[in-house]
Amino acid sequence: QVHLVESGGGLVQPGGSLRLSCAASGSIFSLISMGWFRQGPGKERELVATITSGGVTNYADSVKGRFTISRDIAKNTVYLQMNSLKPEDTAVYYCHVQTLRRGAYWGQGTQVTVSS
């Protein structure tokens, strides 16, 4: 069993920064990628950023140049550094793990609110 716990969300002003963390318990078998999704009010969940088991990263166009995804393999932790935050970044951010043979795992979500 794999459990994902996110942290680091909060309230920030436009232009501010936050760093989200997602810690995964135990061993993850047949890992394809880890990453972050978000869901704003009244919107569908969307991909924000991913990093594959080989270290290849992918970002949504809306966050390119502002967000950076990274990982600490030894700690089973993935991070999302968010800079130059905008009000439209306001959402619940969910950690995500995609495996080849055991499907996907999701965290409980952490709220990010960008407002003046």
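Me: Let's start with S30. Buried, partly exposed or exposed?

Reply: S30 counts as partly exposed, because its relative accessibility is 28%. Bear in mind that this is a predicted model.

Me: Where does S30 sit?

Reply: S30 lies in the loop between β3 and β4.

Me: What about its phi?

Reply: The phi of S30 is positive, about 50°, although S30 is not a glycine. Most residues other than glycine have a negative phi.

Me: N76 next. What is its phi, and where is it placed?

Reply: N76 also isn't a glycine, and it has a positive phi of about 50°. Its place is the loop between β7 and β8.

Me: How accessible is N76?

Reply: The relative accessible area of N76 is 27%, so N76 is partly exposed.

Me: Now S33. Which strand is it in?

Reply: S33 is in strand β4.

Me: Is S33 buried or exposed?

Reply: Buried. Its relative accessibility is 11%, and the cut-off for buried is under 20%.

Me: Let's change topic to the overall fold. How many helices and strands?

Reply: Zero helices and eleven strands. Read along the sequence, the pattern is β-β-β-β-β-β-β-β-β-β-β.

Me: How does the radius of gyration look for a chain of 116 residues?

Reply: The protein has 14 Å. A compact globule with 116 residues would be near 13 Å, so the value agrees.

Me: And the box? What are its dimensions?

Reply: Along the principal axes, the C-alpha atoms fill roughly 45 × 25 × 25 Å.

Me: How much of the protein is buried, and what is the accessible surface?

Reply: Of the 116 residues, 41% count as buried. The accessible surface is about 6200 Å². Carbon and sulfur atoms account for 50% of that surface.

Me: What about contacts across the sequence?

Reply: Take contacts between residues at least 6 apart in sequence. Of these, 52% join residues at least 24 apart.

Me: On to the largest nonpolar core. Which residues touch the most other members?

Reply: W36, L80, M82 and Y93 do, out of 29 residues in that core.

Me: Which strands each supply at least two residues of this core?

Reply: β3 (18-24), β4 (31-39), β5 (46-52) and β7 (67-72) are among them. So are β8 (77-82), β9 (91-99) and β11 (110-114). In soluble globular proteins, nonpolar side chains tend to be buried together.

Me: Last one, G107. Where is its place?

Reply: G107 is in the loop between β10 (104-106) and β11. G107 counts as buried, because its relative accessibility is 11%.

Me: What does G107 touch, not counting residues up to four places away?

Reply: G107 touches L4, E6, Y94 and C95.

Me: And how are G107 and V2 separated?

Reply: They are 105 residues apart along the chain, and their C-alpha atoms are separated by 9.9 Å.

Terms used
Residues are numbered from 1 along each chain as its sequence is written. This is a predicted model: local features need pLDDT of at least 70, side-chain atom pairs count only at pLDDT 80 or more; totals for chains, interfaces and linings use all residues. Side-chain values use heavy atoms; hydrogens and water are left out. A nonpolar core is a set of buried Ala, Val, Leu, Ile, Met, Phe, Trp, Tyr and Cys residues joined through side-chain atoms within 4.5 Å. Buried means under 20% relative accessible area, exposed over 50%, partly exposed in between (1.4 Å probe, protein chains only). Helices (H or I, at least four residues) and strands (E, at least two) are DSSP runs, numbered from the N terminus. The radius of gyration is taken over C-alpha atoms; the globule rule is 2.2 Å times the number of residues to the power 0.38. Contact means heavy atoms within 4.5 Å. Accessible areas come from the Shrake-Rupley method with a 1.4 Å probe; for residues, only the protein chains shown count as cover.
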